[in-house]
Amino acid sequence: MDIAKCFSLEGKVALVTGAAYGIGFAIAEAYAKAGAKIAFNCRKPEHMESALAAYRERGIDAKGYLCDVTEEDQVARMVADIKSSLGPIDILVNNAGIIKRIPMTEMKLEEFRQVVDIDLTAPFLVSKAVIPDMIGQGHGKIINICSMMSELGRETVSAYAAAKGGLKMLTRNIASEYGEYNIQCNGIGPGYIATDQTAPLREIQPDGSKHPFDRFILSKTPAARWGTPEDLMGPAVFLASEASDFVNGQILYVDGGILAYLGKMPQ
Ligand code: NAP
Ligand code: GCO
């Protein structure tokens with residue numbers, strides 16, 4: 001077996017949703033470096049402009065789409081356009097996501113629904129749009145970006161935990177339903193990663209000290225640091241490549257050890 005070749009994505013077409021910045025951007029960059037042609041989307045025009053510039057700066061010729069992944073017609077148009085310009089999609093990463101940190105009894109129904117729509121319903125919609133061509137091609141890789149909250153709960157994140165827990169089961173179900181067509185659907189469960197989404201949890205306090213949540217996460221993480229988007233590059237390439245062809249329905253937690261650890265004893 002040619003080991004270097006089985007991790008290569010040479011000639012593959014990859015769609016990474018919500019890859020204007022943050023984790024999605026790093027995954028798209030890794031795929032480009034492994035040889036894939038990149039398509040990505042985001043919702044906001046200002047993010048599109050800066051993202052295209054950032055891809056260009058890294059020498060990546062990415063194709064960007066303004067597309068809200070909760071809108072089925074927009075998703076269908078984007079997938080059709082990628083097919084005609086780059087070819088049928090070989091690799092889909094359902095990365096676009098949001099969080100709302102609101103105590104459950106104060107959360108409005110529309111807020112709960114918006115989180116579930118983007119974090120769970122959209123991966124269903126985009127996967128549904130790409131699976132028929134994957135079946136036609138005889139192969140496909142779908143990678144769902146899950147969370148610590150696919151396993152754990154905490155205050156204020158009921159909608160997010162419900163959606164990411166659901167995404168873990170959608171992952172297993174896609175693997176179960178389409179595994180016979182040589183489609184692998186796996187998840188990545190990032191730990192606490194320093195991006196815009198978690199910036200409020202790392203804000204320096206008025207007295208110059210670290211945010212209490214920041215200190216809490218450092219104490220909960222055996223690696224004793226926040227993750228970076230780059231920490232997800234290798235795992236994402238593995239799950240998109242031939243190297244993982246017999247891995248299906250799994251969630252690969254990339255969390256510096258959080259889920260393995262009981263936590264520090266209070267001093
Ligand atoms: P981020 O920095 O907030 O980036 C989110 C991306 O999603 C942006 O590109 C955003 O672009 C896009 N997006 C949001 N809603 C969208 C929609 N309806 N349609 C299309 N694009 C949309 O988040 P991140 O921290 O990189 O997180 C990426 C994924 O990893 C999310 O699913 C998140 O839940 C998950 N995750 C994050 C962490 C962490 O610690 N950061 C840990 C575990 C899991 P626009 O704003 O332009 O739409
Ligand atoms: C939070 C965080 C998390 C992370 C991540 C953990 O408020 O607890 O935002 O949910 O973003 O998903 O894996």
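Trainee: Is Glu-29 buried or exposed?

Mentor: Let us begin with the basis of the values. This is a predicted model, in which local features need pLDDT of at least 70, side-chain atom pairs count only at pLDDT 80 or more, and totals for chains, interfaces and linings use all residues. Residues are numbered from 1 along each chain as its sequence is written, chains are lettered from A and ligands numbered from 1 in the order in which they are written, and side-chain values use heavy atoms, with hydrogens and water left out. As to the terms, buried means under 20% relative accessible area, exposed means over 50%, and partly exposed lies in between, for a 1.4 Å probe and protein chains only. Glu-29 has a relative accessible area of 8%, so Glu-29 is buried.

Trainee: Which side chain meets that of Glu-29 in a salt bridge?

Mentor: A salt bridge is a side-chain nitrogen of Lys or Arg within 4 Å of a carboxyl oxygen of Asp or Glu. Here the partner of Glu-29 is Arg-58, at 3.3 Å from N to O. The two residues are 29 apart and link distant parts of the chain: Glu-29 belongs to helix H2 (residues 22-33), while Arg-58 sits in the loop between helix H3 (45-57) and strand E3 (63-66). Helices (H or I, at least four residues) and strands (E, at least two) are DSSP runs, numbered from the N terminus. Arg-58 is partly exposed, at 41% relative accessibility. Glu-29 and Arg-58 are also linked with Lys-33 in a network of salt bridges.

Trainee: How many salt bridges does the rule give?

Mentor: The count comes to seven. One of them joins Glu-72 and Lys-128, whose closest N and O atoms are 3.1 Å apart. Glu-72 lies in helix H4 (residues 72-85) and Lys-128 in helix H5 (residues 109-137), so this pair ties together parts 56 residues apart in sequence. Glu-72 is partly exposed at 45%, and Lys-128 is partly exposed at 44%.

Trainee: What do the side chains of Asp-231 and Arg-225 form?

Mentor: They meet in a salt bridge of 2.8 Å, N to O. Asp-231 has a relative accessible area of 28% and is partly exposed; Arg-225, at 42%, is partly exposed.

Trainee: Where does Ala-4 lie?

Mentor: Ala-4 is in helix H1 (residues 3-6). With a relative accessible area of 61%, Ala-4 is exposed. The C-alpha atoms of Ala-4 and Ala-243 are separated by 9.4 Å, although these residues are 239 apart along the chain.
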